[in-house]
Amino acid sequence: MPSIGVKLYSVFFKFMLKHRLQSRLQAPESDASGGTFGVTSRPAEETAAAANPLFTDGVATKDVHIDPVTSVSVRVFLPETCLNIPGAKSRSGVPLLDQNRSLTRRYSHGSSENSVVSGSNGVIVKSVESNLRRSSYGGSVDDANLKSENGTYRGYNPVGRASRRLPVMLQFHGGGFVSGSNDSVANDFFCRRIARLCDVIVLAVGYRLAPENKYPSAFEDGLKVLHWLAKQANLAECTKSLGSSKGAGVDLRRSEGNWHVADAFGASMVEPWLAAHGDPSRCVLLGVSCGANIADYVARKAIEAGKLLDPVKVVAQVLMYPFFIGSVPTHSEIKLSNSYFYDKAMCILAWKLFLPEDEFSLDHPAANPLVSGRGGPPLKKMPPTLTVVAEHDWMRDRAIAYSEELRKVNVDAPVLEYKDAVHEFATLDMLLKTPQAQACAEDIAIWVKKFISLRGHEFSY
């Protein structure tokens with residue numbers, strides 16, 4: 001059973017959440033309408049963590065506003081291993097490869113060609129070959145030049161020939177579609193942990209919240225970020241191929257030795273961290289609670305888009321205690337309806353706030369993945385799907401049932417169930433530092449690495 005502290009915090013948490021949901025439900029429609037731009041966070045309800053471009057704890061972060069029409073943004077989490085240089089030492093004096101031996105030992109090694117750059121104009125004055133060991137993701141001593149004197153990561157350097165490419169993970173936070181944010185302290189901590197353990201670039205999506213923006217706004221925002229990632233990958237290729245040519249509305253300008261694709265106002269259109277180190281052909285989706293519903297929707301739309309999303313390829317998805325519900329209750333929905341933190345009555349309130357009034361139904365395609373006539377691609381085309389469930393979560397049975405449906409059509413869809421765990425046990429602020437939360441993140445990393453390793457499907461024990 002959960003500890004006494006968890007039980008007490010659950011009572012307080014449910015009281016506050018119920019008050020917030022009811023106040024929003026009773027608010028006039030005019031007050032609830034946030035227009036197209038929308039709301040992606042509620043600062044009065046939770047503390048935001050400031051972005052930090054320094055690798056102070058092994059992960060640098062920055063915020064990127066990706067859509068001028070809406071408030072959709074992403075927080076980029078870049079692990080320091082993207083600058084992993086053979087033989088180099090970290091600020092602690094420990095060789096970087098020794099710090100990440102558990103990662104590098106699993107990948108093939110090979111020689112790389114390293115260039116020495118002189119001056120701010122980026123002219124290559126010397127090129128030498130090295131037989132130093134490196135991971136199969138790639139790595140170059142050139143990457144060391146991407147840090148300025150104060151430690152701030154400067155981003156993309158076109159002169160570098162072998163920037164280490166990391167898989168990209170899109171993360172969708174929880175909060176019942178009505179609360180939560182991609183820059184909250186809890187979500188920031190969780191994404192940093194995942195970025196380090198999985199050795200991936202995490203893009204935490206700040207989607208629009210309800211009731212200011214009802215369905216399908218949050219789902220469309222998730223898909224919009226995936227299309228933005230594809231656009232970024234194609235723009236990054238433009239910096240390599242266009243050279244000094246100019247086009248209508250797009251210009252290549254030279255700044256600090258780097259070529260950048262710029263718009264008519266001179267602003268860079270390329271996100272430098274992704275351009276230098278992102279590998280969108282190994283894209284993973286991770287959704288927490290209601291974010292799992294968004295992740296599943298994005299995965300289905302990515303299948304429908306096919307090559308239109310090139311070079312982005314969704315290779316796997318992780319659904320952490322998905323926010324599924326239905327009109328016919330499952331065994332867990334009956335037995336655990338008044339469970340910890342999120343009981344069934346409050347979740348129904350959240351769905352009323354999220355779904356348009358004329359569309360409200362517990363069997364809505366966004367709420368129930370098992371409903372007939374859901375549409376979209378056949379289940380057999382879904383990517384490998386890991387489902388994480390908690391023993392004391394009333395939503396667990398429907399998530400397990402969805403995983404079983406995927407396995408029936410030969411999709412790799414394992415279920416990880418954690419004993420004595422509650423909904424959001426690995427992502428809630430109070431529970432983030434528990435051994436169970438750490439173990440869950442490590443289990444996710446083990447499974448995800450099967451599908452992002454360049455050596456193919458391998459267990460990463």
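Reply: Let us begin with handedness, bearing in mind that this is a predicted model: helix 5 and helix 12 make a right-handed crossing.

Me: At what angle do the axes of helix 5 and helix 12 cross, and within what distance do they come?

Reply: Helix 5 spans residues 185-198 and helix 12 spans residues 435-452, and their axes cross at roughly 45°, coming within 9 Å. Angles under 35 degrees would count as roughly parallel, and 65 to 115 as roughly perpendicular, so helix 5 is oblique to helix 12.

Me: Which residues meet where helix 5 packs on helix 12?

Reply: From helix 5 the residues are R193, I194, L197 and C198, and they meet A437, Q438, A441, E442, A445, K449 and I452 of helix 12. Sorted by class, this contact comprises seven nonpolar, one polar and three charged residues.

Me: How are helix 1 and helix 10 placed relative to each other, in angle and in axis distance?

Reply: Helix 1 (residues 4-26) packs with helix 10 (residues 344-354) at an angle of about 30°, and their axes lie 10 Å apart. Since angles under 35 degrees count as roughly parallel, these two helices are therefore roughly parallel to each other. The crossing of helix 1 with helix 10 is left-handed.

Me: Which residues make that contact between helix 1 and helix 10, and how do they divide by class?

Reply: Helix 1 contributes K14, L17, K18, L21, Q22, R24 and L25, while helix 10 contributes M346, L349, A350, K352 and L353. The residues of this contact divide into seven nonpolar, one polar and four charged.

Key: Residues numbered from 1 in each chain as written. Predicted model: local features only at pLDDT ≥ 70, side-chain atom pairs only at ≥ 80, totals over all residues. Heavy atoms only, no water. Axes fitted to C-alpha atoms, helices over the stretch in contact; angles between N-to-C directions. Helix = DSSP H or I, 4+ residues; strand = E, 2+ residues; numbered from the N terminus. Parallel < 35°, antiparallel > 145°, perpendicular 65-115°, else oblique. Left-handed = near helix turned anticlockwise from the far one by under 90°. Contact = heavy atoms within 4.5 Å. Nonpolar A, V, L, I, M, F, W, Y, C, P; charged D, E, K, R; others polar.
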